[in-house]
Amino acid sequence: MLDSNKDSLKLEAMKRIVAMIARGKNASDLFPAVVKNVACKNIEVKKLVYVYLVRYAEEQQDLALLSISTFQRGLKDPNQLIRASALRVLSSIRVTIIVPIMMLAIKEAASDMSPYVRKTAAHAIPKLYSLDPEQKDQLIEVIEKLLADKTTLVAGSVVMAFEEVCPERIELIHKNYRKLCNLLIDVEEWGQVVIINMLTRYARTQFLNPNMNESLLEEGNDKAFYGSDDDEDEEEDEKDKKAEAPAMAKRKPYVMDPDHRLLLRNTKPLLQSRNAAVVMAVAQLYFHLAPKAEVGVIAKALVRLLRSHSEVQYVVLQNVATMTIKRRGMFEPYLKSFYIRSTDPTQIKVLKLEVLTNLANETNISTILREFQTYIKSMDKDFVAATIQAIGRCATNIGEVRDTCLNGLVQLLSNRDELVVAESVVVIKKLLQMQPEKHSDIIKHMAKLTDNIQVPMARASILWLIGEYCEHVPKIAPDVLRKMAKSFTNEEDIVKLQIINLAAKLYLTNSKQTKLLTQYVLNLAKYDQNYDIRDRARFIRQLIVPTEKSGALSKYAKKLFLALKPAPILESPFKDRDHFQLGSLSHLLNAKAGGYQELPDWPEAAPDPSVRNVEVKDSVPEWTKCSSREKRKEKKVEKPFYSDSEGESGPTESADSESDSASGLESGSGIEESGSGSESEESEEGSESEEEEEEEEKDKKKKKKELKKPVQESESEQSSEEEVRKHERKNKQRKSDSESESDEEDDSESESSRSESEDSESETEVKKKKKAAESKPPSKPVKKEKKEMSLLDLDDFEPAPSPQVTPVNTFLSSSLVTDLEGLSLSDTVLSPATTSPCSALKSYELLHRITGEGLCVEYCFSRQPFSPDGNMVAVQMQVTNNSTSDTKNLHMEDVKLQSGMRVKEFPEIELLPAGESATAVMGIDFCDSTQAANFQLCTHTRKFFVSIQPPVGELMRPVFLTENEFKKEQGQLMGMNEITEKLTLDAKCRNEHAIVQSVITAANLSRVPCGSDRECSPPVPPPALPVHRFAGRTVTSGSLVLATVASKEEGAAQLTVNCEKMVIGTMLVKDILLALTQ
């Protein structure tokens, strides 16, 4: 089949081979036959051949080298998947001869237009480094270039390469630190883990310890941890005055670096991630970097992970056990989450016991001991032994319950299970060392157990206790030695050693009764098989039995054997594990694993924060730069028209300048709190990027004027345009003044209220102009269109219309703006485009009047920018009171959202009389997903559960592109970002107007004007098979969405959607298909 001329047979053969590999079967024998097909023209076959080669290239290097020229050609393929696969295969051939070729391929791929290929280049870097470490310097250059990449697809992979190749080159991260923090939320999950772990180490070298002041205070102050920040500060101040005044006087008050705060703020939402590794990574970051008062947020997320698989539980509990030693108070509210289930595996049970023991204090010890009592009845013997040890640790740590624990353990000595008794003996031995004189009865009771207990460790513990405290039991001790001497030869080695020790101690304290017994035991030990026991017997004989040859030590025999020994400290095995980075393999094994990077200590003095400031390269001549603040503000007003959502949503892929870091900071992180330094830097970057945009804007205006020259304009038209321009200038001036005032204030609410009032003023002016235009006789349609177009342009220059202006039909759709701009000035094309698609806005029922007991609520997506927050979709609600009584205090409560989503609630409707309606506007940030926003709609008497789920077409806003710009952007969104479907248009939907109307109704996109319509003055007949193009951006992330409907003969058509977000693209294709075929 592989040698066939038919591509279909080759494809079938390759599918079978790849299926064999997936099942774990060896397909290496087929390598020569497969490698021949690497030059196949069919893309599907080529992809599968590359999949096969990636698997076996390392094993069959000689054969793979023969086709290396084909791989090099593959690197130039127009399909991004083929380019990436070729690079992947090339980097899998581990032969030093081709290192230069690989190096060249990686450098080219790092500059590739496709982010997917750049990601593959990042993956190839560690492979090349392991093959030839001498290439390190060149690879670092590539890493530095890829670190500056603005796409989320590349970020995780390049940081992984950085960690593998040059983790010590921390200076490479400085310039990219803020960008990585802002991109973090959108990177794929495994990329997030790598970036967070790297940023943890980075932060430990660049920022000061946020708990530096607390380190001088007493540790373990739980009340301060739970109190508010103010209480904590007060307590600290009191202690400072009393105890550590001189030391604290030397220290400056700690102020958190804005970049440190940025990292903590941007990682916090990831605690809600579905991936346990991401949650664990954020938890360790907070544990190692956050102020003591803020670490508590990770507890809930880690407890949530305990509902996962046992493997995840094991890793999480290991880390929780380490955390509970230093930050016990954090997990105390979740004590019951660590109770043991009968279905838990033994290793999980033991770890939960460890955590419960660490959390034990005077207040909860009674609850914990009750739990332990039930655990002792378990059938799992290892778990029971661990529980008894845990009881012993609780008794040593909390003096109040020591006697209770001892009595409980003594009761266990009568247990039928020998293992339980043995473990109890070992633990009791440790507890008795603390207060032996009080517990001679327990020692007597344990002496009686020597006949029954057979576990060596338990017997040895009893004998040690009797020997150590033989003075407390003078009558029983010699008898125990007699019994042990009888069975000496049959005992285990550990027991024999303790019998010799007991004999020596009794010889020194009660030689009359035990002299002969001791000699008998020492004679037996002298000929024992174990050399350790033989040596011990000879040593003790010389030490305790005085002879002529015995040295000076025999005088001190009593002091040596009967010296007071300190009580053992029962410590947690996790006590010193926190010097390893939490969540790492080294922490899990409690030993340094290969490739582990040590967690650096906090610096004594803060390094220079300016190294993280990003310099923007000037792409504008000096003379074009603004001197006054007002001019900058004018540009800011104009900016939204062309860059749509760049200023609001985070960084976009298409931005060339470094200004994306600033816009990302402003939007994703709300950096207002984090200090003035970064703010001033952002404003500089922002203003320079705005200057670039104004240059583009001027060019576009010139082009428009040139296109319109052939059309004869009357004097009245020119004068009307001048009036509009004057109106624009006034409007801009008014805005710049108000904005310069608002810049001095940090209160965002006052800014939004001012902008709303300005918007409403400008809208009333726009409406007056419209009325004036409509009142004129419609003899000159060209003039009317021009007038309307310029007015609508002005409307678009507003930052956003106020949400308080509610009725939909008073607005002209923003997609209409771009429709009108793209029109030729001929009567033929004008009529369909002037029809506003707003009339087609679909209403959805939120609350039925029967369910709502007379209250009926409908909502629609008004497709207007939402002024309080540009990243939100405006949802307009029509509330009708069909009941006989008034409805009061209509508002929202209990909003339940998916991760990342936000809601701006509508203002409360205080009174809605019977039979009347009211309109309200709310904003929802759907985070570019079609997941529902759930909330309660509440009146003064009732609560109704409702949910709003957006169609995918409402998650975008229209954007103006020329045909050339559209084609350029489309060229960058090929491959995986392109979805194409063939369809047959409905009979009613075959003319141009109907197609445009259907697409704009299904999705909030604007039509891209066709270039041919405007190039010459006489009306040009439309092409026989027109192509309709539509453009928009997603509201939250600002990702481009491009749709193309190409009409063909007999109602056939082809729909193409290009979008960075593949999920949105797939859903949008379905919705538009439905609109065009029904």
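Me: Two strands pair if DSSP finds at least two bridges between them. With that settled, how many residues lie between β13 and β14 in their hairpin?

Reply: 5 residues. In that turn, Gly1038 has a positive phi of about 75 degrees. Strand names follow DSSP: strands are E runs of at least two residues, helices are H or I runs of at least four, and both are numbered from the N terminus.

Me: What kind of model is this?

Reply: This is a predicted model, where local features need pLDDT of at least 70, side-chain atom pairs count only at pLDDT 80 or more, and totals for chains, interfaces and linings use all residues. Residues are numbered from 1 along each chain as its sequence is written, and side-chain values use heavy atoms, with hydrogens and water left out.

Me: How many residues of β14 are buried?

Reply: 8 of 8, over residues 1040–1047. Buried means under 20% relative accessible area, exposed means over 50%, and partly exposed lies in between (1.4 Å probe, protein chains only).

Me: Which residues of β14 point which way?

Reply: Leu1040, Leu1042, Thr1044 and Ala1046 go one way. Val1041, Ala1043, Val1045 and Ser1047 go the other. Both sets are buried. In a regular strand the side chains alternate between the two faces of the sheet.

Me: Switching to sheets. What is the strand order in the open sheet of 5 strands?

Reply: β1-β2-β3-β7-β5, paired antiparallel. β1 (844–847) and β5 (902–904) are the edges, and each pairs on one side only. From one strand to the next, the twist averages 35 degrees. Axes are lines fitted to C-alpha atoms, for helices over the stretch in contact, and angles run from 0 to 180 degrees between N-to-C directions.

Me: How many bridges pair β2 with β3?

Reply: 8, antiparallel, between residues 855–865 and residues 873–881. Leu855 has Asn881 in β3 as its bridge partner.

Me: What about the open sheet of 4 strands, which order?

Reply: β6-β4-β8-β9, again with antiparallel pairing. Its edge strands are β6 (909–912) and β9 (943–948). Strand β4, residues 887–896, is joined to β6 by 3 bridges. Thr887 has Leu912 in β6 as bridge partner.

Me: Helices now. How far does α7 reach?

Reply: 16 Å from first C-alpha to last, over 12 residues (99–110). That is close to the 16 Å expected at 1.5 Å a residue. The expected span is 1.5 Å times one less than the number of residues.

Me: Which residues of α7 are buried?

Reply: Val99, Met102, Met103, Ala105, Ile106, Ala109 and Ala110. They cover an arc of only 165 degrees around the axis, so they sit on the same side of α7. The arc is that of the directions from the helix axis to the C-beta atoms. On the other side, Pro100 and Leu104 are exposed.

Me: What do the buried residues of α7 pack against?

Reply: α6 (80–92), α8 (115–131) and α9 (136–147). Contact means heavy atoms within 4.5 Å.

Me: Where is Asp77?

Reply: In the loop between α5 (68–74) and α6. Asp77 has a relative accessible area of 15%, so it counts as buried. It touches Lys46, Ile82 and Arg83, not counting residues up to four places away in sequence.

Me: And Asp532, which helix?

Reply: α32, residues 531–544. Asp532 is at 39% relative accessibility, so it counts as partly exposed. C-alpha to C-alpha, it lies 8.7 Å from Leu497, with 35 residues of sequence separation.

Me: Last one. What does the secondary structure of the chain come to?

Reply: 45 helices and 15 strands. Of the 1078 residues, 51% are buried. Among contacts with a separation of 6 or more, 69% come from residues 24 or more positions apart. The accessible surface is about 52,300 Å², and 50% of that belongs to carbon and sulfur atoms. Areas come from the Shrake-Rupley method with a 1.4 Å probe; for residues, only the protein chains shown count as cover.
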